[in-house]
Amino acid sequence: MKEITILGSTGSIGTQTLEVIDNLKNWKIKALTVYQNIDLLFEQVKKYQPEFVVVVEQEAAAKLKSKLKNQKTEVLAGKNNLKTAAAEDVDLLLNAIVGFAGLEPSVAAAEAGNDIALANKESLVSGGPLLTQLVKEKGVKLLPVDSEHNAIFQLLKGHKQELDEIILTASGGPFFSYSREELTQVSVEDALNHPNWEMGSKITIDSASLMNKGLEVIEAHWLFDCAYDNIKVLVHPQSIVHSMIRLVDGTVLAEMGPADMKIPIQFCLTYPERNKTAGNNLELDQITALEFFQADTDKFPNLKYAYTAGKAGGTFPAVLNAANEAAVYSFLRGEIPFLAMSRVVASVLDQHQSISDPDLEAILNSDQEARRLAVEVIKEWF
Ligand code: NAD
Ligand code: MG
């Protein structure tokens with residue numbers, strides 16, 4: 001048996017990871033962590049009997065503790081214990097927390113020498129140089145769960161020296177064919193209605209605004225040590241080709257499969273081997289088209305901002321991410337319209353004085369400051 005800790009076990013990736021584990025049967029759960037969904041966590045504790053769980057929200061933690069008083073699973077409370085959970089010795093730490101809150105646990109896991117399966121792309125966007133340096137120093141594996149990066153990770157095997165460019169595919173989200181005029185009218189419900197993937201609400205909104213692809217460009221830059229000019233994005237509405245690489249001689253390699261996150265998750269758990277998955281195979285004769293389009297960055301400027309912030313480096317990517325998080329949650333609460341999200345991001349980036357080679361503290365400060373600015377901008381405008 002191997003041991004795993006799952007951060008964010010009640011989320012879309014967290015629950016699918018547990019399904020993969022049900023199928024593989026050779027993993028034991030060391031710890032599970034959540035923000036506050038103790039009802040689902042309670043069920044998970046009964047089924048998987050982890051050594052301990054972490055609940056960030058204090059009241060929810062206290063409630064769970066009393067519900068579990070006859071169980072041997074220990075309940076820890078508060079954000080700091082996410083780092084404790086990440087640093088406990090395991091074979092694999094899977095980080096499926098959403099947002100910047102995932103960065104410190106990622107750092108703690110790498111520092112402790114745990115191999116990491118990373119779904120939390122915001123870790124790499126905000127703390128790319130820091131996290132990749134640590135991973136190198138400690139000799140830990142950083143396995144990408146994100147489907148595009150998982151695809152590229154697989155494609156690069158044996159081809160690292162011959163790489164010309166990385167081509168990330170994007171579904172385009174629900175609004176790919178909308179005019180700018182139509183985009184002014186879209187609701188939260190429309191934005192949450194993703195055509196191909198079932199995911200948490202934050203990444204679903206990011207997919208609709210193309211910020212998800214922007215974050216993924218930065219994620220790819222750090223994961224594969226690839227220059228921004230050699231990372232391209234193409235909208236591929238069918239979500240069958242999960243990404244491609246172009247080699248120096250013009251050969252293009254593509255990774256294809258069903259739109260099912262359990263495949264990349266399982267690949268991280270069985271790496272470097274492969275196992276049968278529980279889902280359906282891709283029926284190639286049922287595919288009528290594989291289309292690829294340039295992304296319209298006038299309609300979806302977030303993608304442009306991500307390249308700019310990524311190339312500028314320093315604390316710019318952390319600020320891009322923080323301003324976006326603030327804007328997304330504000331949009332989800334119905335406070336600002338869809339198109340305002342990218343305007344908030346642009347405004348906060350404009351006001352930011354970047355710090356080069358930031359340490360963790362500088363990144364945490366820039367994140368805080370960018371959120372504060374975003375809230376200020378939103379108050380002023382709406
Ligand atoms: P989700 O919202 O469904 O789940 C998030 C999980 O993190 C929950 O368990 C929640 O309790 C926990 N959490 C939320 N806020 C927290 C905080 N402040 N501190 C600690 N824990 C917190 O999100 P998701 O869709 O599973 O996405 C998780 C990560 O994986 C994101 O970074 C996302 O970009 C990435 N990702 C998701 C998908 C997908 O298909 N869902 C695909 C690729 C990448
Ligand atoms: Mg992705």
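When I call a residue buried, I mean that under 20% of its relative accessible area is left, counting protein chains only. Keep that in mind, because the word "buried" comes back several times, and under 20% is its cut-off. Hello everyone! What I'm showing today is a predicted model.

Let's start with strand β5. L92 and L94 point one way from this strand, while L93 and N95 point the other way. All of these residues are buried.

Who are the neighbours of β5? On one side of our story is β1, which runs parallel to β5 and is joined to it by four bridges. If you want to find that pairing on the screen, look for I4, whose bridge partner in β5 is L92. Then there is β6, which pairs with β5 in the parallel sense over three bridges. Here you can look for L94, whose bridge partner in β6 is A117, and for N95, which is partnered with L118 of β6.

Now zoom out to the sheet. Seven strands form an open sheet, and its order is β4-β3-β2-β1-β5-β6-β7, with parallel pairing. At the edges we find β4, residues 74-77, and β7, each of which pairs on one side only. On average, neighbouring strands in this sheet are turned by 20 degrees against each other, with direction ignored.

Next, a helix: α5, residues 103-111. How many of the nine residues of α5 are buried? Eight are, so the helix is largely enclosed by the rest of the structure. Among the buried ones are L103, E104 and P105.

Since α16 has come up, let's look at how it meets another helix. Two packed helices are described by the angle between their axes and the distance between the axes. For α15 (residues 340-351) and α16 (residues 360-381), the axes come within 9 Å and cross at roughly 125 degrees. That makes α15 oblique to α16. The crossing is right-handed. On the α15 side, the contact residues include R343, V344 and S347, and on the α16 side they include L373, V377 and W381.

On to the metal, a magnesium ion, listed as ligand 2. Which residues are the protein donors of the magnesium ion? They are D146, E148 and E216, lying 2.1 to 2.2 Å from the ion. D146 sits in the loop between β7 and α7, and E216 sits in helix α11, so this pair ties together parts that are 70 residues apart in sequence. Both D146 and E216 are buried.

Helix α11 leads us to our last stop. It lies across β8 and β9, running at about 150 degrees to β8. Those strands belong to an open sheet of four strands, in the order β9-β8-β10-β11, and its pairing is mixed. β9 and β11 stand at the edges with a single partner strand each, so one side of each is left without a neighbour in the sheet. Here too, neighbouring strands are turned by 20 degrees against each other on average, direction ignored. Strands β10 and β11 pair in the antiparallel sense over five bridges, and one place to look is S243, whose bridge partner in β11 is E255.

Methods. Residues numbered from 1 in each chain as written. Chains lettered and ligands numbered in written order. Predicted model: local features only at pLDDT ≥ 70, side-chain atom pairs only at ≥ 80, totals over all residues. Heavy atoms only, no water. Donors = N, O, S within 2.8 Å, 3.2 Å for Na, K, Ca; no water. Helix = DSSP H or I, 4+ residues; strand = E, 2+ residues; numbered from the N terminus. Buried < 20%, exposed > 50% of the residue type's maximum accessible area, 1.4 Å probe, protein only. Pairing = 2+ DSSP bridges. Axes fitted to C-alpha atoms, helices over the stretch in contact; angles between N-to-C directions. Contact = heavy atoms within 4.5 Å. Parallel < 35°, antiparallel > 145°, perpendicular 65-115°, else oblique. Left-handed = near helix turned anticlockwise from the far one by under 90°.
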